[in-house]
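I opened this notebook to record a look at charged side-chain pairs. The entries below follow the order in which I looked them up.

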Amino acid sequence: MLNISEDIGKRMKISRGEKKINELAKRLGICPRTLSGYESGRTDVPAYVVVYYAKRFNVSLDYLCYGNEFSNTELCQEFAKLSPKLKKAIMVFIKYCNW
């Protein structure tokens, strides 16, 4: 059976790297044991925690949620390589989608 929380948790732990779990838990206002539960997949992860990890560790929400390997930095670098016409089309699409 597919366990999305476990997959997200594994990628959160990978993103955290060597950072201390106690420090992160304190910043999030939760117990280290709770954060450990998120990272191990024992507990469903609230959206605000996933968003915090994405911002704090410079990874995309796509990576944390679905395993997409591009970091935010890599996506920006790839976007910068596009032609001005294509960049404009993408920005129009994003605004259309209300992102």
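Is R27 exposed or partly exposed? I found R27 to be exposed, because its relative accessibility is 56%; here buried means under 20% relative accessible area, exposed over 50% and partly exposed in between, with a 1.4 Å probe and protein chains only.

I noted that the model is predicted, that local features need pLDDT of at least 70 and side-chain atom pairs pLDDT 80 or more, and that totals for chains, interfaces and linings use all residues. Residues are numbered from 1 along each chain as its sequence is written, and side-chain values use heavy atoms, without hydrogens and water.

I next looked up the salt bridges (a side-chain nitrogen of Lys or Arg within 4 Å of a carboxyl oxygen of Asp or Glu). The structure holds 5 of them.

I returned to R27, which forms a salt bridge with E23, with 3.7 Å between the closest N and O atoms. Both lie in helix α2 (residues 21-28), so their spacing of 4 residues is about one helical turn. For helices I used DSSP runs of H or I with at least four residues, numbered from the N terminus. E23 is partly exposed at 32%.

I then examined helix α1 (residues 4-16), where K10 and E6 also lie 4 residues apart, about one turn. Their side chains meet in a salt bridge at 3.4 Å, N to O. I recorded K10 as partly exposed at 45% and E6 as partly exposed at 31%.

I also checked E78 and K81, whose salt bridge spans 3.1 Å, N to O. E78 is partly exposed at 38%, whereas K81 is exposed at 62%. Lastly, I noted that salt bridges with shared partners join E23, R27 and R56 into one network.

Key
Helix = DSSP H or I, 4+ residues; strand = E, 2+ residues; numbered from the N terminus.
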